[in-house]
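Biologist: Please take me through one part of this model closely, and start with the whole chain so that I can find my way. I would like to know which residues meet there.

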Amino acid sequence: MRIRTAVSTAVAAGAVVVLATAPAQATEYSSALKVKGVQYDAPGSDSNKCSTGNTKNEYLTIKNYSSTATVNLKGYVVKDATGNRFAFTAGHYLQPGDYIKLRGGHGTDSDAKNVVYRQNCNFIWNNDKDTIYLYKPSGGRADVHSYTRSGSDRDHNGYITYHG
């Protein structure tokens, strides 16, 4: 009621009321899980050879931003702009504030070390630009981010942070 009174008083006094619009922002999805960051350009020369390559150094960090809920990653899907995808088929439970790194290459998944391997030696993220999609088990979007090397990676280290 105070707001109505203040606006009415301002209008009655001949004051000009200007309403500012908020700047356009990316769509915020209602999900506890979000993309925290992406190492889209693995350090060194790109090599997708399983035995000597560096695809393990390319990773996506997914974080549980809930303050109370534990989230099971089983059924979540990560995709890029061209449709490359990874589905979490095993149960990985993220406690509130916990994160997991989805790495390329082959390795042993470990909740204790917060890592899941794609079991694929091909790179998923493009070094120049790409879009990261995170889908819930229901098929709805949990999070999405697009990047470009020149516009998003200010320090040019191949890593971009989202959601802090």
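**A loop and its partners**

Modeller: The secondary structure of the chain comprises two helices and 11 strands, where helices (H or I, at least four residues) and strands (E, at least two) are DSSP runs numbered from the N terminus. Read from the N terminus, the elements follow the order α-β-β-β-β-β-β-β-β-β-β-α-β. Please keep in mind that this is a predicted model, in which local features need pLDDT of at least 70 and side-chain atom pairs count only at pLDDT 80 or more, while totals for chains, interfaces and linings use all residues. Residues are numbered from 1 along each chain as its sequence is written, and side-chain values use heavy atoms, with hydrogens and water left out.

Of the 164 residues in the chain, 36% are buried; buried means under 20% relative accessible area, exposed over 50%, and partly exposed in between, with a 1.4 Å probe and protein chains only. Contacts here are heavy atoms within 4.5 Å, and among those in the chain with a separation of 6 or more, 57% are between residues 24 or more positions apart.

Now to the part itself, the loop between strand 1 (33–39) and strand 2 (59–64), where Asn 54 is found. Asn 54 counts as buried because its relative accessibility is 9%. Beyond its neighbours within four places in sequence, Asn 54 is in contact with Ala 42, Pro 43, Gly 44, Ser 45, Asp 46, Ser 47 and Phe 123. The side chain of Asn 54 reaches the backbone oxygen of Pro 43 at 2.9 Å.

One joins Arg 149 to Asp 41, with 2.6 Å between the closest N and O atoms. Arg 149 sits in helix 2 (residues 149–152) and Asp 41 in the loop between strand 1 and strand 2, so this pair links distant parts of the chain, 108 residues apart. Asp 41 is buried at 16% relative accessible area, whereas Arg 149 is partly exposed at 29%.

Arg 118 and Glu 58 also form a salt bridge through their side chains (3.8 Å, N to O). Because Arg 118 lies in the loop between strand 8 (115–117) and strand 9, and Glu 58 in the loop between strand 1 and strand 2, the pair ties together parts that are 60 residues apart in sequence. Arg 118 counts as buried at 14% relative accessibility, and Glu 58 counts as buried at 1%.

Strand 4 (residues 77–79) pairs with strand 9 (residues 129–135) over three bridges, and Val 77 has Tyr 135 as its bridge partner. Seven bridges join strand 9 to strand 10, with Leu 134 partnered by Asp 143. These two strands form a hairpin with five residues between them, and Gly 139 in the turn has a positive phi of about 100°.

Note on methods:
Pairing = 2+ DSSP bridges. Polar contact = N/O pair within 3.5 Å; in protein donor to acceptor, adjacent residues only side chain to side chain. Salt bridge = Lys/Arg side-chain N within 4 Å of Asp/Glu carboxyl O.
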